[in-house]
Amino acid sequence: MIDRGTFKSMLRMGARFMREQADYLSDIDSRFGDGDHGITITKIAKLIDERVEGWDDASIKDFLDDLGMGIMEVRGGSAGPLYGTLVCGLGTQLGDDENELSADAVRRMFAGCLAEMQDVTTAKVGDKTMMDALIPAVEAAQACAAPDDRPVNVLVAAAEAASAGARATEGFASKFGRARSYGDQTIGTCDAGAMSTALFLSGLAQGSAH
């Protein structure tokens, strides 16, 4: 089971993974975008750390909702609203007082996250967006069952699928955002949003194992 202490470690690790790769994220974003993805991700990571540090007696569900709303206000293109939606979504299918998370709860977190994201974007796998990381992650989480039915195993399976999905964007042409106008020129460069999503989910998995 994942308790609140472990969940704090997961969020801190997710923030750390994104922050450590900020320069790389801005570099790949600069090729066909605004080049500020790493800067925005750093702001989001800083906010995560600040909110985790100040987490009082709020439930995991309420904390995620509050954190997500805060992230939505981070300035820097679409990353703030999208990541805010993602984080809010992680809590939507949790119970109000569910502060110890089973493998089933982790699967519900991913399912809720995807549902919320699909309310704000029509992007799918192959469109070269953060959904290229998120959708495979959710599918892997749902497929992870006994005898590996432990929260950490679900998170690791999701993180591995997200990383593979993010790397696969190198072979796609962008279909959303500013990069869309470059078409096939974007083939050969990974999508920054997919990479940062994979980093965040990898951090969650890593943090759950400590």
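Author: A nonpolar core is a set of buried Ala, Val, Leu, Ile, Met, Phe, Trp, Tyr and Cys residues joined through side-chain atoms within 4.5 Å. Buried means under 20% relative accessible area, exposed over 50%, and partly exposed in between, with a 1.4 Å probe and protein chains only. The model is a predicted one, in which local features need pLDDT of at least 70 and side-chain atom pairs count only at pLDDT 80 or more, while totals for chains, interfaces and linings use all residues. Residues are numbered from 1 along each chain as its sequence is written, and side-chain values use heavy atoms, with hydrogens and water left out.

The largest nonpolar core has 63 residues, and F7, I48, F110 and F200 have the most contacts inside it. Helix α9 (residues 192-208) gives the largest share of this core, nine residues; helices here are DSSP runs of H or I with at least four residues, numbered from the N terminus. In soluble globular proteins, nonpolar side chains tend to be buried together.

Take I48 from that list. Not counting residues up to four places away in sequence, I48 touches L11, A15, M18, L67, I71 and F200, where contact means heavy atoms within 4.5 Å.

The structure holds one cavity of 30 Å³ or more, a cavity being a set of points on a 1 Å grid over the protein atoms alone where a 1.4 Å probe fits but cannot get out. The volume of the largest cavity is about 50 Å³, counted as the space filled by probe spheres set on the points, which are joined across faces, edges and corners. Its lining residues, those with an atom within 4 Å of a point, are I2, F7, M10, L90, L101, V106, M109, F110, L155 and L204. Ten of the lining residues are nonpolar, with no polar and no charged ones; Ala, Val, Leu, Ile, Met, Phe, Trp, Tyr, Cys and Pro count as nonpolar, Asp, Glu, Lys and Arg as charged, and the others, Gly among them, as polar. At least two lining residues come from each of α1 (4-20) and α6 (103-120), and α6 supplies the largest share, three residues.

T40 counts as buried because its relative accessible area is 1%. Beyond its neighbours within four places in sequence, T40 is in contact with V74, R75, G76, A79 and G80.

Notes. 1 Å grid on protein atoms, 1.4 Å probe; cavity = no way out; pocket = protein on both sides within 12 Å on 5 of 7 lines; lining within 4 Å.
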